[in-house]
Amino acid sequence: MTDREFPTPQSEYFDFEGQVAFVSGAAGGIGRATALAFAQQGAAVAVTDIDGDGNEETAERIEALGSDALAVTCDLREAEDVEAAIEATVEEFGRLDYACNNAGVEQDSVKAADLAVEEWDRIVDTDLRGVFLSMKYQIPHVLDAGGAIVNVSSGAGVKGFPEVAYTAAKHGIVGLTRSAALEYADTDLRINAVCPGIVDTSMMDRVTDNREGGRQAVVDQEPIGRMGEPEEIANAVVWLCSDAASFVLGHPMVVDGGQTV
């Protein structure tokens, strides 16, 4: 992580006072940064993650910013868990205006023929099924509020990378986002995606084994010469949810320091 400052957008377009956001994968990284960004704009925030302790810490940070928070431990692969998390949010706050479907897991770097079927299922069920289930139960509420949903894909959602399950799932998120956006295009509901590049999170620590040489090899893939910060992705999510993005629909916004250019 760096000491770089990332100011949140400030204008009437980003006044989320009295509104409610739902963020998955909020125990750290992009999810936590996004939850805090919503809170900084005045929204109450429901956060969910399979990591209950990290999720509770995020909720505490939201409350420290002066916003209301709800923490729900949830396995996004399970329809009952997802439905319960959404219903708990609406019961607690009375509405749901925005959702950021961020939760995901990475794949071990093995070739397609060597990838265990169980590993394929784990990646696709978490990264793609989890987004579908989240949208399934979010849409009726966000539709009523005239709000927005942002799904977190990846640079691997817009080009090929040598990790077939992860890349297939992230491409699937882009397709899911585009199709659902068209299905609801004649309503006040907007659905978009963000496609982050290499972002300095605990996932990246795992991918590189947190080795200096491994981290540098990753940085070398970024034309901008550094990893992104979670707050930079969070700001894109908040913008896509705001009225400033009122004409943006079904768009996979790439935020990747030039990696996929």
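Let's start with the salt bridges: there are 6, counting a side-chain nitrogen of Lys or Arg within 4 Å of a carboxyl oxygen of Asp or Glu. The model is predicted, so side-chain atom pairs count only at pLDDT 80 or more, local features need at least 70, and totals for chains, interfaces and linings use all residues. Residues are numbered from 1 along each chain as its sequence is written, and side-chain values use heavy atoms, with hydrogens and water left out.

Select Arg95 and Asp97 next. Their closest N and O atoms are 2.6 Å apart. Asp97 is buried at 0% relative accessibility, while Arg95 is partly exposed at 34% (buried is under 20% relative accessible area, exposed over 50%, partly exposed in between, with a 1.4 Å probe and protein chains only).

Now pick Asp75 and Arg77, whose side chains form a salt bridge at 3.0 Å, N to O. Asp75 is buried at 17%, and Arg77 is partly exposed at 30%.

Then show Arg226 with Glu232, a salt bridge at 2.8 Å, N to O. Arg226 has a relative accessible area of 21% and Glu232 has 24%, both values falling in the partly exposed class.

For a network, select Arg32, Glu57 and Arg61, which salt bridges link together.

Finish with strands β2 (residues 44-49) and β3 (residues 69-73), which run parallel and are joined by 5 bridges; strands pair if DSSP finds at least two bridges between them. Strands are DSSP runs of E, at least two residues, and helices runs of H or I, at least four, numbered from the N terminus. Zoom in on Thr48 to find its bridge partner in β3, Val72.
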